[in-house]
Amino acid sequence: MKYYTGSFIFPFQWDQVVTGFWQKYSLSNSKHINSEDVLSRKIVEGKLFSKRLINKSAGSAQKVANMLFNKKAKRTWVIEESVVDPVEKTMVTYTRNIGLKELALIEEKCVYKANPEKTDEVIQMKSAWIDSSHAYLGRIIQNLVYQHFKRRAGKSSGELLGVLTKLYSMEVADPTNSSGIRPLLKDHDITGKAIRAGKSVAQKTPKL
């Protein structure tokens with residue numbers, strides 16, 4: 001098994017990062033996401049639990065399969081589960097592939113937590129476990145998938161940063177303002193936009 005860990009700092013407030021996260025796929029310039037569907041969403045003890053099914057262009061495992069076994073598949077499926085705790089100001093996401101599990105299993109965990117020392121910063125801690133049970137090429141597959149995942153990890157965080165930059169101005173409107181952030185949207189506009197985005201996704205949810 002290969003293990004990856006990395007961190008990223010977003011110069012935004014926690015509620016801004018969470019709002020931007022739910023709009024990442026609709027506002028980012030990335031074209032690797034083909035579709036997203038909400039499978040479930042509920043509130044338990046004040047925490048928001050969500051599960052989404054995401055169809056994306058060939059991921060790390062798929063690219064390795066294409067390379068090693070001359071496959072031509074261009075898309076793959078992943079499950080994303082998340083827990084948002086507005087009291088503790090944390091958001092945790094768990095992502096795993098449901099295609100090509102017999103070749104490699106990739107499980108990713110991201111923790112978004114408000115920086116206790118700076119209210120205008122959010123720290124993202126990303127971890128991933130990559131395992132392959134292939135009888136003959138297991139170690140080679142693990143190493144190749146790990147390298148693909150490592151190259152993609154920073155780009156993924158950068159895409160969210162790009163979305164946050166679209167939603168909020170990074171200009172310092174007041175030099176005494178330690179946050180250095182001037183919202184492009186007012187609080188009620190942000191809330192309304194998040195609700196509308198959630199409804200839009202919910203409308204596309206398949207009946208199970």
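Mentor: Arg 152 and Glu 159 join their side chains in a salt bridge, with N and O 3.0 Å apart; the term stands for a side-chain nitrogen of Lys or Arg within 4 Å of a carboxyl oxygen of Asp or Glu. The model is predicted, so local features need pLDDT of at least 70 and side-chain atom pairs count only at pLDDT 80 or more, while totals for chains, interfaces and linings use all residues. Residues are numbered from 1 along each chain as its sequence is written, and side-chain values use heavy atoms, with hydrogens and water left out.

The two partners differ in cover. Arg 152 is partly exposed, at 26% relative accessible area, whereas Glu 159 is buried, at 13%. Buried means under 20% relative accessible area, exposed over 50%, and partly exposed in between, with a 1.4 Å probe and protein chains only.

Elsewhere, salt bridges with shared partners tie Glu 36, Arg 52 and Glu 80 into one network. Glu 36 sits in strand 2 (residues 33-44) and Arg 52 in strand 3 (residues 47-57), so the pair links distant parts of the chain, 16 residues apart. Here helices (H or I, at least four residues) and strands (E, at least two) are DSSP runs, numbered from the N terminus. Both partners are covered: Glu 36 is buried at 10%, and Arg 52 is buried at 2%. A further salt bridge joins Lys 118 and Glu 121, whose closest N and O atoms are 3.7 Å apart. Lys 118 is partly exposed at 43%, and Glu 121 is buried at 16%. In the whole structure there are six salt bridges. As a general point, side chains of opposite charge can pair when their charged atoms come close.

Seven strands form an open sheet in the order 1-7-6-5-4-3-2, paired antiparallel; two strands pair if DSSP finds at least two bridges between them. Strand 1 (2-10) and strand 2 are the edge strands, each pairing on one side only. On average, neighbouring strands of this sheet are turned by 15° against each other, direction ignored. Strand 6 and strand 7 (residues 122-131) pair in the antiparallel sense over 10 bridges. Leu 105 has Asp 131, in strand 7, as its bridge partner. Helix 4 packs on the sheet and touches strand 1, strand 6 and strand 7, its direction making about 15° with that of strand 1. Axes are lines fitted to C-alpha atoms, for helices over the stretch in contact, and angles run from 0 to 180 degrees between N-to-C directions.

Two loops in the chain deserve a look. Glu 45, in the loop between strand 2 and strand 3, has a positive phi of about 55° although it is not a glycine. Glu 45 is exposed, at 78% relative accessible area. Lys 89 also has a positive phi of about 55° without being a glycine, and its place is the loop between strand 4 (75-85) and strand 5 (90-97). Lys 89 is partly exposed, at 39%. Most residues other than glycine have a negative phi.

Leaving aside neighbours within four places in sequence, Leu 164 is in contact (heavy atoms within 4.5 Å) with Phe 10, Phe 12, Gln 16, Val 17 and Gly 20. Helix 1 is mostly covered, with seven of its eight residues buried, including Trp 14, Val 17 and Phe 21.

For the protein chain as a whole, there are five helices and nine strands. Of its 208 residues, 42% count as buried.
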